[in-house]
Amino acid sequence: MDSQAKKLSLGTFIGMTMALCATVRSIPSVAATGWTQITYMVFAVVFFALPVALISGELGTMMQAEGGPQLWVKSALGEKWGFVTAWLLWVQMFPGMVMVASTIGPLWGNVFGNVPLGNNHWFILANILGFYWLITVLNLRFDMAKVGGNIGVWLGVYIPIVIMLVMGIAALIKTGINPAGYLGTFTWEKLMPSLDNLQSLQYFAAISFVYTGMEMSSVFIPRLHDAKKTYTRGIFIALVGLVLMNLLNAILVANVVPNGKIQLSNITQPIVLWCQILGWPTIIANIFSFMVVIGVLIQLSAWVTGPSKTMTQVARDGQLPASFGYHKVNKFGVSRNVVLTQSVCISLFALLYGVMKNVNGVFLTLTNATTVIYALVYILIAIAIIRLRQTQPELERPYRLGKTGNGLAYFVAFLLLFGIVVIIAATLFASDLTQAVFVVIITAILFVIPLIIDKNKNAEWIEQVNMDLALNK
């Protein structure tokens, strides 16, 4: 009876899966591509989100111990690549958290009705550094995991999405299609990137990685009724829901923002414009901004300690020098050294807002750097499923791609690899040369570091770690 009570219904699973990827931060980036966003979104689902979800379904049920992608890659390709996976999932936070925190400045500007201040690059930098270090200190001194709970998701995602939909639809009914907006009058040619709108390719990565985190849905499989059918059906429906949620909001935003004027890190920009069109009080924009600020801060707090725990685990496995102290944790289970290291690195990335005045340019650079680093993890996951089919065909697979043979698994893996290659190539091709070079150099450096560490690994690391842990028992 108890086991039945714990089973998830199809509807609950769909909601939980959508919650993993729901965000308002990416809506301006999607909107900036106009009608082309529809094509980009379809490509992202077919060649990225769906393959990731299906591969994760098989790997996640094969290996149900903690570790996720790190465990899958380690089982398929060995300890070295498992460590590289854990490392990449950690370091993608460095540009990623700056990108997320960069929304705080524009939001504060809208809270207090001073939009130009919110878009000043020095003000954005000050907000990133001030709030991220404040959150870091709080996480080291208090059990912040208990603070906020789901409040961050409600304030930062669900309520804002509904507000944007209601206001955007109301404004569209009142004004119709705005010819001066990013959308403009529809033509079939606008669905494809052309020489005229080739620059829209620079947003391709941001659109595709709306679905980052989809691999985590595999953890729910053991709790599903008739998992084989329910998981596949649920993933398809959840993806359709995410596509509609993002497309509807992005189309409404693209219709209201004047062409060439979009502010990628300012999600309140369309709210202000809708207030003007509808004649609604601008205090709606102030309240909206404040809600999203609180939501972003609570979500940032959760990310401060979340990925750091993976680094603590690999340190305890002897894959990092004991002198780093990453294996030592405080009474809340948080490694002070890991958290401080990531905060210093995040601060260094944040300095881009000091040296570059183009706020949109910095935001895109950080988005693309995060995307390319994360893409390397997905490449390793695709290789892992192919390798495990060859080396461990006898392992039980509660959720299996294809009833017999390896054809479907290989096909899905190659779909993902093809999608990632196209996404990265298109992004770098359409980016400003300086941005592209920065992304490539940063990705290369962060990828090579764990390989160098692994090459110099020695038995003394694990011996020292075990001694330290034994003393602290």
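Buried means under 20% relative accessible area, exposed over 50%, and partly exposed in between (1.4 Å probe, protein chains only). This is a predicted model, in which local features need pLDDT of at least 70 and side-chain atom pairs 80 or more, while totals for chains, interfaces and linings use all residues. Residues are numbered from 1 along each chain as its sequence is written, and side-chain values use heavy atoms, without hydrogens and water.

Q: How many aromatic pairs does a search of the whole structure find?
A: Let's start with the rule: rings of Phe, Tyr and Trp (its six-membered ring) pair if their centres lie within 6.5 Å. A search of the whole structure on that basis gives a total of 24.

Q: Are the rings of F48 and Y378 stacked or edge-to-face?
A: The ring centres of F48 and Y378 are 5.1 Å apart, and the planes stand at 90°. Planes under 30 degrees apart count as stacked, over 60 as edge-to-face and the rest as tilted. With its planes at 90°, the F48 and Y378 pair is therefore edge-to-face.

Q: How many residues apart are F48 and Y378?
A: F48 sits in helix α4 (residues 37-62), and Y378 belongs to helix α19; helices here are DSSP runs (H or I, at least four residues) numbered from the N terminus. The pair thus links distant parts of the chain, with a separation in residues of 330.

Q: What is the angle between the planes of Y231 and Y399?
A: Y231 and Y399 form another aromatic pair, with 5.0 Å from centre to centre. The pair is edge-to-face, and the angle between its planes is 75°.

Q: Where does Y399 lie?
A: Y231 is in helix α13 (residues 227-256), and the pair ties together parts 168 residues apart in sequence. As for its place in the chain, Y399 lies in the loop between α19 and α20 (407-430).

Q: Which residues are in contact with S265, leaving aside its neighbours within four places in sequence?
A: S265 is found in the loop between α13 and α14 (269-278). With a relative accessible area of 2%, S265 is buried. Contact means heavy atoms within 4.5 Å. Leaving aside neighbours within four places in sequence, the partners of S265 are S102, T103, P106, V359 and F363.

Terms used. Helices (H or I, at least four residues) and strands (E, at least two) are DSSP runs, numbered from the N terminus.
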